[in-house]
Amino acid sequence: MIEQLHQEIKAWIKQAGEMAKKGLEDGLTVDTKTSASDLVTNIDKAIQESFIAYIYKHYPTHHILGEEDDTHITSMNGYVWIIDPIDGTLNYVKEKENYGITISLYINGQGTLAYIYDVAKSHLYHMIAGQGVYCNEEKLQPLDCGLLKDAVISISSSALDIPVYQEIMKKALSVRVIGCSSQSFIRVITGKYGAYISCALPSWDFAAGAMMIKELGGKCTQPAGTDLNILQKTPIIASSGTIHQELINMVKGC
């Protein structure tokens with residue numbers, strides 16, 4: 001069943017990518033949520049609705065947690081899908097790149113399947129737990145261990161004014177603010193960046209990326225080094241093992 005799901009999801013997410021591209025060509029309907037920079041488009045909603053309709057049609061006993069949905073889940077028992085139809089909606093609207101579509105599937109709390117689709121580049125990152133992470137058909141290498149002083153790190157804009165993170169930024173080789181969690185995860189899993197730090201991510205922003213980081217031998221935890229709670233909005237540090245311990249030690253020392 002897992003292999004069947006894997007092939008189905010790869011097809012769904014590519015279809016969703018075509019919806020996203022067509023939305024840019026045809027013109028978007030854009031609304032704000034919590035602030036002027038927190039956007040939602042008709043395409044966010046249409047993609048999520050299509051995923052939900054397909055899942056409930058073929059897997060009616062499964063549960064779904066999605067960004068553009070009011071459903072609340074209190075347990076990870078059974079099959080739980082976590083969906084972000086457009087991650088980085090501001091980038092999608094303004095840049096037309098540096099956004100992604102993410103899906104992950106947890107079975108009884110265990111991360112099993114994960115997908116991040118970089119639509120603009122047609123790069124689909126995908127994994128089955130225990131079988132490695134792929135970009136399209138190319139298998140990614142395990143994360144190299146390195147040092148913070150040699151690493152580019154991605155950080156969320158909300159972390160820029162926090163003293164402990166400012167100290168981390170001073171010690172890193174360089175810092176980038178991308179404005180899209182899935183794009184930050186992509187840069188870590190492909191070895192371009194050494195770490196990704198965010199102050200508060202909901203599960204749909206980190207579920208797939210965290211699974212891939214761990215599959216490649218890295219770590220994704222809360223800043224104190226404790227495990228993530230998949231059902232809670234949480235601060236995260238995602239990185240290779242060596243850099244991770246260096247970051248955690250800096251946080252604990254402040």
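Colleague: Is S182 buried or exposed?
Modeller: This is a predicted model, and S182 lies in its helix α5. Leaving out residues up to four places away in sequence, S182 touches D87, Y99, G100, T102 and I116. The cut-off for buried is under 20% relative accessible area. S182 has a relative accessible area of 2%, so S182 is buried.

Colleague: How far apart in space are S182 and W204, C-alpha to C-alpha?
Modeller: S182 is in helix α5. In sequence, S182 and W204 are 22 residues apart. From C-alpha to C-alpha, their separation in space is 9.7 Å.

Colleague: How are α5 and α6 oriented to each other, parallel or antiparallel?
Modeller: The axes of these two helices, α5 and α6, come within 9 Å and cross at roughly 5°. Angles under 35 degrees count as roughly parallel. Therefore α5 and α6 are roughly parallel.

Colleague: Which residues of α6 meet α5?
Modeller: By class, the contact of α5 with α6 has 7 nonpolar, 2 polar and 1 charged residues. The α5 side consists of S181, F185, V188 and I189. On the α6 side are D205, F206, G209, A210, M212 and I213.

Colleague: Which element gives the largest share of the largest nonpolar core?
Modeller: That core has 38 residues, and I82, Y125, F185, I189, M212 and C220 touch the most other members. Elements that give two or more residues to this core include β4 (79-87), β6 (110-118), α5 (181-189) and α6 (203-215). The largest share, 8 residues, comes from α6.

Colleague: What is F185 in contact with, leaving aside neighbours within four places in sequence?
Modeller: F185 is one of the residues that touch the most other members of the largest nonpolar core. F185 is also on the α5 side of the contact with α6. Its contacts, with those neighbours left aside, are I116, Y196, D205, F206, G209, A210, I213, C220, I236 and A238.

Colleague: Is S203 buried or exposed?
Modeller: S203 is found in helix α6. Not counting residues up to four places away in sequence, S203 touches L65, I82 and I230. At 5% relative accessibility, S203 counts as buried.

Colleague: Why is α1 roughly antiparallel to α2?
Modeller: Helix α1 (residues 2-26) and helix α2 (residues 42-58) have their axes 10 Å apart and pack at an angle of about 155°. Angles over 145 degrees count as roughly antiparallel. That angle makes α1 roughly antiparallel to α2.

Colleague: How many nonpolar residues does the contact of α1 with α2 have?
Modeller: The crossing of α1 past α2 is right-handed. From α1 come E8, W12, I13, A16, M19, A20 and G23, and from α2 come I43, A46, I47, S50, F51, Y54 and I55. By class, the contact has 1 charged residue, 2 polar and 11 nonpolar.

Colleague: Are α4 and α7 parallel or oblique to each other?
Modeller: Helix α4 (residues 163-171) and helix α7 (residues 241-252) have axes that come within 9 Å and cross at roughly 140°. The limit for roughly antiparallel is over 145 degrees. Therefore α4 and α7 are oblique to each other.

Colleague: How many charged residues are in the contact of α4 with α7?
Modeller: α4 passes α7 in a right-handed crossing. V164, E167, I168 and K171 of α4 and L247, M250 and V251 of α7 make the contact. These divide into 5 nonpolar, no polar and 2 charged.

Colleague: What is the phi of N98?
Modeller: N98 sits in the loop between α3 (89-94) and β5 (100-107). Most residues other than glycine have a negative phi. N98 is not a glycine, yet its phi is positive, about 60°.

Colleague: Is N108 buried or exposed?
Modeller: N108 is in the loop between β5 and β6. Its phi is near 50°, a positive value in a residue other than glycine. Exposed means over 50% relative accessible area. N108 has 53%, so N108 is exposed.

Colleague: What is the relative accessible area of E97?
Modeller: E97 is found in the loop between α3 and β5. Leaving aside neighbours within four places in sequence, E97 is in contact with N91, Y92 and A120. E97 is partly exposed, with a relative accessible area of 41%.

Note on methods. Residues are numbered from 1 along each chain as its sequence is written. This is a predicted model: local features need pLDDT of at least 70, side-chain atom pairs count only at pLDDT 80 or more; totals for chains, interfaces and linings use all residues. Side-chain values use heavy atoms; hydrogens and water are left out. Axes are lines fitted to C-alpha atoms, for helices over the stretch in contact, and angles run from 0 to 180 degrees between N-to-C directions. Helices (H or I, at least four residues) and strands (E, at least two) are DSSP runs, numbered from the N terminus. Angles under 35 degrees count as roughly parallel, over 145 as roughly antiparallel, 65 to 115 as roughly perpendicular and the rest as oblique. A crossing is left-handed if the near helix is turned anticlockwise from the far one by less than a right angle, and right-handed if clockwise. Contact means heavy atoms within 4.5 Å. Ala, Val, Leu, Ile, Met, Phe, Trp, Tyr, Cys and Pro count as nonpolar, Asp, Glu, Lys and Arg as charged, and the others, Gly among them, as polar. A nonpolar core is a set of buried Ala, Val, Leu, Ile, Met, Phe, Trp, Tyr and Cys residues joined through side-chain atoms within 4.5 Å. Buried means under 20% relative accessible area, exposed over 50%, partly exposed in between (1.4 Å probe, protein chains only).
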